[in-house]
Amino acid sequence: MFAGLLFGRQLFNVAAVGEAIGAFAIFCALSGVVYLVNDVLDRESDRLHPLKALRPIASGALGVRSAEISAAAIACAALAGSIALGWRFAAVAIAYLALQGLYSTLLKHIVIMDVLTIAIGFVLRAVAGAVAVDVEIGHWLLVCTILLALFIALAKRRHEIVMLGGDASSHRPILGEYSPCLLDQMIAVVTASTLIAYIVYTVSPETQEKFGTAWLGLTIPFPLYGIFRYLYLVHRRDGGGSPADLLLTDRPLLVCVALWALAVALIIYRPV
(Lines give C-alpha, C1' and ligand atoms only; values in the text may rest on other atoms or scores of the structure.)
Protein backbone atom coordinates (compact mmCIF):
# COMPACT_ATOMS: atom_id res chain seq x y z
CA MET A 1 0.00 0.00 0.00
CA PHE A 2 2.89 2.40 0.67
CA ALA A 3 5.02 1.45 -2.36
CA GLY A 4 3.52 4.29 -4.42
CA LEU A 5 4.25 6.75 -1.63
CA LEU A 6 7.89 5.63 -1.37
CA PHE A 7 8.75 5.15 -5.03
CA GLY A 8 6.61 8.09 -6.12
CA ARG A 9 8.83 10.35 -3.98
CA GLN A 10 5.92 11.63 -1.93
CA LEU A 11 7.25 10.45 1.42
CA PHE A 12 7.63 13.99 2.75
CA ASN A 13 4.37 15.25 1.29
CA VAL A 14 2.09 15.53 4.34
CA ALA A 15 -1.11 15.44 2.28
CA ALA A 16 0.06 12.37 0.35
CA VAL A 17 1.05 10.59 3.57
CA GLY A 18 -2.42 11.25 4.98
CA GLU A 19 -4.05 9.88 1.83
CA ALA A 20 -1.83 6.79 1.92
CA ILE A 21 -2.74 6.13 5.55
CA GLY A 22 -6.42 6.55 4.69
CA ALA A 23 -6.05 4.11 1.79
CA PHE A 24 -4.28 1.67 4.09
CA ALA A 25 -7.11 1.87 6.65
CA ILE A 26 -9.74 1.30 3.95
CA PHE A 27 -7.98 -1.78 2.61
CA CYS A 28 -7.51 -3.11 6.13
CA ALA A 29 -11.29 -2.88 6.49
CA LEU A 30 -11.85 -4.55 3.10
CA SER A 31 -9.44 -7.32 4.06
CA GLY A 32 -11.41 -7.79 7.27
CA VAL A 33 -14.58 -8.18 5.24
CA VAL A 34 -12.91 -10.82 3.08
CA TYR A 35 -11.70 -12.74 6.14
CA LEU A 36 -15.17 -12.68 7.69
CA VAL A 37 -16.84 -13.94 4.52
CA ASN A 38 -14.16 -16.56 3.96
CA ASP A 39 -14.37 -17.81 7.55
CA VAL A 40 -18.15 -18.05 7.33
CA LEU A 41 -17.92 -20.14 4.16
CA ASP A 42 -15.09 -22.31 5.51
CA ARG A 43 -16.32 -22.73 9.08
CA GLU A 44 -16.95 -26.46 8.77
CA SER A 45 -13.58 -27.31 7.21
CA ASP A 46 -11.80 -24.91 9.58
CA ARG A 47 -13.05 -26.98 12.53
CA LEU A 48 -10.93 -29.85 11.19
CA HIS A 49 -7.78 -27.68 11.15
CA PRO A 50 -5.53 -27.68 14.25
CA LEU A 51 -5.05 -23.90 14.14
CA LYS A 52 -8.02 -22.53 12.20
CA ALA A 53 -10.39 -24.34 14.57
CA LEU A 54 -9.53 -21.62 17.10
CA ARG A 55 -10.84 -18.82 14.87
CA PRO A 56 -13.92 -17.03 16.28
CA ILE A 57 -16.45 -18.30 13.74
CA ALA A 58 -15.14 -21.87 13.58
CA SER A 59 -14.97 -22.08 17.38
CA GLY A 60 -18.45 -20.61 17.79
CA ALA A 61 -17.26 -17.52 19.67
CA LEU A 62 -18.74 -15.37 16.88
CA GLY A 63 -22.11 -16.24 15.39
CA VAL A 64 -22.53 -16.59 11.63
CA ARG A 65 -25.32 -14.01 11.49
CA SER A 66 -23.28 -11.48 13.45
CA ALA A 67 -20.30 -12.05 11.15
CA GLU A 68 -22.44 -11.53 8.04
CA ILE A 69 -23.97 -8.31 9.36
CA SER A 70 -20.56 -7.02 10.43
CA ALA A 71 -19.05 -7.84 7.02
CA ALA A 72 -21.84 -5.98 5.20
CA ALA A 73 -21.57 -2.94 7.48
CA ILE A 74 -17.78 -2.74 7.23
CA ALA A 75 -17.89 -3.18 3.43
CA CYS A 76 -20.39 -0.33 3.04
CA ALA A 77 -18.36 1.96 5.30
CA ALA A 78 -15.06 1.14 3.55
CA LEU A 79 -16.48 1.63 0.06
CA ALA A 80 -18.10 4.90 1.10
CA GLY A 81 -14.75 6.06 2.49
CA SER A 82 -12.98 5.04 -0.72
CA ILE A 83 -15.05 7.55 -2.68
CA ALA A 84 -13.43 10.35 -0.68
CA LEU A 85 -10.07 9.36 -2.21
CA GLY A 86 -11.40 9.64 -5.78
CA TRP A 87 -13.32 7.51 -8.22
CA ARG A 88 -10.19 5.71 -9.44
CA PHE A 89 -9.34 4.56 -5.93
CA ALA A 90 -12.96 3.53 -5.37
CA ALA A 91 -12.86 1.51 -8.61
CA VAL A 92 -9.74 -0.35 -7.45
CA ALA A 93 -11.34 -0.99 -4.04
CA ILE A 94 -14.46 -2.43 -5.71
CA ALA A 95 -12.31 -4.55 -8.02
CA TYR A 96 -10.36 -5.87 -5.03
CA LEU A 97 -13.51 -6.77 -3.13
CA ALA A 98 -15.03 -8.43 -6.21
CA LEU A 99 -11.87 -10.44 -6.85
CA GLN A 100 -11.72 -11.62 -3.25
CA GLY A 101 -15.39 -12.53 -3.42
CA LEU A 102 -14.67 -14.70 -6.46
CA TYR A 103 -11.73 -16.22 -4.63
CA SER A 104 -13.80 -17.12 -1.56
CA THR A 105 -16.61 -18.71 -3.57
CA LEU A 106 -14.92 -20.16 -6.66
CA LEU A 107 -11.29 -19.48 -7.49
CA LYS A 108 -9.79 -20.94 -4.31
CA HIS A 109 -11.08 -24.32 -5.48
CA ILE A 110 -9.20 -24.15 -8.82
CA VAL A 111 -5.59 -25.32 -8.83
CA ILE A 112 -3.02 -22.60 -9.63
CA MET A 113 -5.77 -20.00 -10.00
CA ASP A 114 -6.05 -19.95 -6.20
CA VAL A 115 -2.48 -18.70 -5.64
CA LEU A 116 -2.58 -16.42 -8.69
CA THR A 117 -5.70 -14.74 -7.32
CA ILE A 118 -3.96 -14.11 -4.00
CA ALA A 119 -1.02 -12.55 -5.86
CA ILE A 120 -3.26 -10.33 -8.00
CA GLY A 121 -4.92 -9.13 -4.81
CA PHE A 122 -1.56 -7.79 -3.62
CA VAL A 123 -1.04 -6.07 -6.97
CA LEU A 124 -4.40 -4.32 -6.60
CA ARG A 125 -3.30 -3.11 -3.16
CA ALA A 126 -0.12 -1.65 -4.66
CA VAL A 127 -2.14 -0.02 -7.44
CA ALA A 128 -4.59 1.40 -4.90
CA GLY A 129 -1.74 2.87 -2.87
CA ALA A 130 -0.34 4.59 -5.96
CA VAL A 131 -3.75 5.84 -7.09
CA ALA A 132 -4.48 7.23 -3.62
CA VAL A 133 -1.43 9.55 -3.75
CA ASP A 134 -1.83 10.19 -7.49
CA VAL A 135 1.52 8.80 -8.64
CA GLU A 136 2.42 6.42 -11.42
CA ILE A 137 3.59 3.01 -10.30
CA GLY A 138 6.07 1.46 -12.72
CA HIS A 139 5.42 -1.81 -14.47
CA TRP A 140 8.54 -3.35 -12.98
CA LEU A 141 7.27 -2.74 -9.46
CA LEU A 142 3.99 -4.41 -10.35
CA VAL A 143 5.91 -7.38 -11.73
CA CYS A 144 7.98 -7.61 -8.55
CA THR A 145 4.83 -7.31 -6.42
CA ILE A 146 2.95 -10.14 -8.11
CA LEU A 147 6.00 -12.41 -8.10
CA LEU A 148 6.77 -11.78 -4.43
CA ALA A 149 3.10 -12.30 -3.50
CA LEU A 150 3.04 -15.52 -5.53
CA PHE A 151 6.17 -16.69 -3.71
CA ILE A 152 4.49 -16.10 -0.32
CA ALA A 153 1.22 -17.76 -1.44
CA LEU A 154 3.02 -20.88 -2.67
CA ALA A 155 5.04 -21.07 0.56
CA LYS A 156 1.77 -20.85 2.51
CA ARG A 157 0.29 -23.73 0.51
CA ARG A 158 3.40 -25.80 1.18
CA HIS A 159 3.16 -25.12 4.90
CA GLU A 160 -0.49 -26.24 4.95
CA ILE A 161 0.27 -29.51 3.15
CA VAL A 162 3.27 -30.35 5.32
CA MET A 163 1.45 -29.50 8.55
CA LEU A 164 -1.76 -31.38 7.72
CA GLY A 165 -0.08 -34.32 6.02
CA GLY A 166 -2.55 -36.93 4.80
CA ASP A 167 -5.49 -34.90 6.12
CA ALA A 168 -4.72 -31.90 3.88
CA SER A 169 -7.28 -32.69 1.17
CA SER A 170 -10.01 -33.43 3.72
CA HIS A 171 -9.54 -29.96 5.17
CA ARG A 172 -9.41 -28.25 1.78
CA PRO A 173 -9.85 -30.36 -1.41
CA ILE A 174 -7.62 -28.05 -3.48
CA LEU A 175 -4.63 -29.05 -1.33
CA GLY A 176 -4.93 -32.53 -2.81
CA GLU A 177 -3.96 -31.06 -6.19
CA TYR A 178 -0.56 -29.98 -4.85
CA SER A 179 2.41 -31.81 -3.39
CA PRO A 180 5.50 -30.50 -1.56
CA CYS A 181 7.65 -31.47 -4.55
CA LEU A 182 5.44 -29.61 -7.04
CA LEU A 183 5.27 -26.54 -4.81
CA ASP A 184 9.06 -26.59 -4.31
CA GLN A 185 9.50 -26.46 -8.09
CA MET A 186 7.02 -23.59 -8.41
CA ILE A 187 8.68 -21.72 -5.54
CA ALA A 188 12.09 -22.17 -7.17
CA VAL A 189 10.83 -20.67 -10.44
CA VAL A 190 9.11 -17.74 -8.71
CA THR A 191 12.10 -17.10 -6.41
CA ALA A 192 14.48 -16.77 -9.36
CA SER A 193 11.97 -14.66 -11.30
CA THR A 194 11.42 -12.30 -8.36
CA LEU A 195 15.11 -11.67 -7.81
CA ILE A 196 15.83 -11.23 -11.52
CA ALA A 197 12.91 -8.80 -11.91
CA TYR A 198 14.09 -6.70 -8.96
CA ILE A 199 17.70 -6.69 -10.15
CA VAL A 200 16.68 -5.65 -13.68
CA TYR A 201 14.45 -2.94 -12.22
CA THR A 202 17.17 -1.42 -10.03
CA VAL A 203 19.86 -1.31 -12.74
CA SER A 204 17.70 -0.42 -15.75
CA PRO A 205 18.37 2.91 -17.51
CA GLU A 206 14.67 3.75 -17.10
CA THR A 207 14.94 3.53 -13.30
CA GLN A 208 18.22 5.44 -13.22
CA GLU A 209 16.69 8.23 -15.29
CA LYS A 210 13.54 8.35 -13.17
CA PHE A 211 15.33 8.70 -9.84
CA GLY A 212 18.47 10.46 -11.08
CA THR A 213 20.78 7.89 -9.49
CA ALA A 214 22.49 4.64 -10.44
CA TRP A 215 22.85 3.48 -6.84
CA LEU A 216 19.54 1.67 -6.36
CA GLY A 217 21.34 -1.55 -7.26
CA LEU A 218 23.04 -1.36 -3.88
CA THR A 219 19.75 -2.55 -2.33
CA ILE A 220 19.90 -5.92 -4.13
CA PRO A 221 21.48 -7.80 -1.17
CA PHE A 222 18.41 -7.08 0.98
CA PRO A 223 15.83 -9.00 -1.13
CA LEU A 224 18.44 -11.72 -1.66
CA TYR A 225 18.84 -12.23 2.07
CA GLY A 226 15.13 -11.70 2.79
CA ILE A 227 13.92 -14.34 0.33
CA PHE A 228 16.60 -16.83 1.35
CA ARG A 229 15.76 -16.24 5.01
CA TYR A 230 12.07 -16.83 4.25
CA LEU A 231 12.91 -20.08 2.47
CA TYR A 232 15.03 -21.13 5.45
CA LEU A 233 12.12 -20.48 7.82
CA VAL A 234 9.73 -22.42 5.56
CA HIS A 235 11.96 -25.46 5.11
CA ARG A 236 13.84 -25.61 8.41
CA ARG A 237 11.50 -23.94 10.89
CA ASP A 238 8.14 -25.04 9.43
CA GLY A 239 7.11 -21.41 8.92
CA GLY A 240 5.10 -19.75 6.18
CA GLY A 241 1.59 -20.45 7.47
CA SER A 242 1.10 -16.81 8.42
CA PRO A 243 3.41 -14.45 6.47
CA ALA A 244 2.49 -11.51 8.73
CA ASP A 245 3.36 -13.43 11.90
CA LEU A 246 6.57 -14.66 10.30
CA LEU A 247 7.63 -11.12 9.43
CA LEU A 248 6.78 -9.70 12.85
CA THR A 249 8.27 -12.53 14.91
CA ASP A 250 11.48 -13.26 13.00
CA ARG A 251 13.86 -10.47 13.94
CA PRO A 252 16.44 -11.01 11.13
CA LEU A 253 13.68 -10.86 8.50
CA LEU A 254 12.11 -7.78 10.10
CA VAL A 255 15.48 -6.01 10.27
CA CYS A 256 16.16 -6.90 6.63
CA VAL A 257 12.88 -5.37 5.44
CA ALA A 258 13.43 -2.25 7.56
CA LEU A 259 16.99 -1.78 6.26
CA TRP A 260 15.81 -2.28 2.67
CA ALA A 261 13.13 0.41 3.06
CA LEU A 262 15.65 2.76 4.70
CA ALA A 263 18.25 2.16 1.98
CA VAL A 264 15.72 2.73 -0.80
CA ALA A 265 14.51 5.95 0.83
CA LEU A 266 18.03 7.30 1.31
CA ILE A 267 19.00 6.55 -2.29
CA ILE A 268 15.80 7.84 -3.89
CA TYR A 269 15.46 10.98 -1.79
CA ARG A 270 19.17 11.77 -1.41
CA PRO A 271 20.71 10.51 -4.68
CA VAL A 272 24.51 10.44 -4.85
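**Notebook: salt bridges and a surface patch**

I began with arginine 55, which forms a salt bridge with aspartate 39, the closest N and O atoms being 3.1 Å apart. For a salt bridge, I need a side-chain nitrogen of Lys or Arg within 4 Å of a carboxyl oxygen of Asp or Glu. This pair links distant parts of the chain, 16 residues apart: arginine 55 sits in the loop between α3 (43-46) and α4 (56-59), and aspartate 39 in helix α2 (residues 14-41). Helices here are DSSP runs (H or I, at least four residues), numbered from the N terminus.

A note on the model: it is predicted, so local features need pLDDT of at least 70 and side-chain atom pairs 80 or more, while totals for chains, interfaces and linings use all residues. Residues are numbered from 1 along each chain as its sequence is written, and side-chain values use heavy atoms, leaving out hydrogens and water.

Buried or exposed? I looked up aspartate 39 and found it buried, at 11% relative accessibility. Arginine 55 is partly exposed, at 27%. Buried means under 20% relative accessible area, exposed over 50%, and partly exposed in between (1.4 Å probe, protein chains only).

Next I looked up arginine 157, whose side chain meets that of aspartate 114 in a salt bridge (2.9 Å, N to O). Arginine 157 is in helix α8 and aspartate 114 in helix α7, 43 residues apart. Both of these residues are buried. Glu160 joins Asp114 and Arg157 in a network of salt bridges.

How many salt bridges are there in the whole structure? My search found 9.

Last, I checked leucine 106, in the loop between α6 (87-105) and α7 (113-132). Leucine 106 is partly exposed, with a relative accessible area of 46%.

Technical notes: Helices (H or I, at least four residues) and strands (E, at least two) are DSSP runs, numbered from the N terminus.
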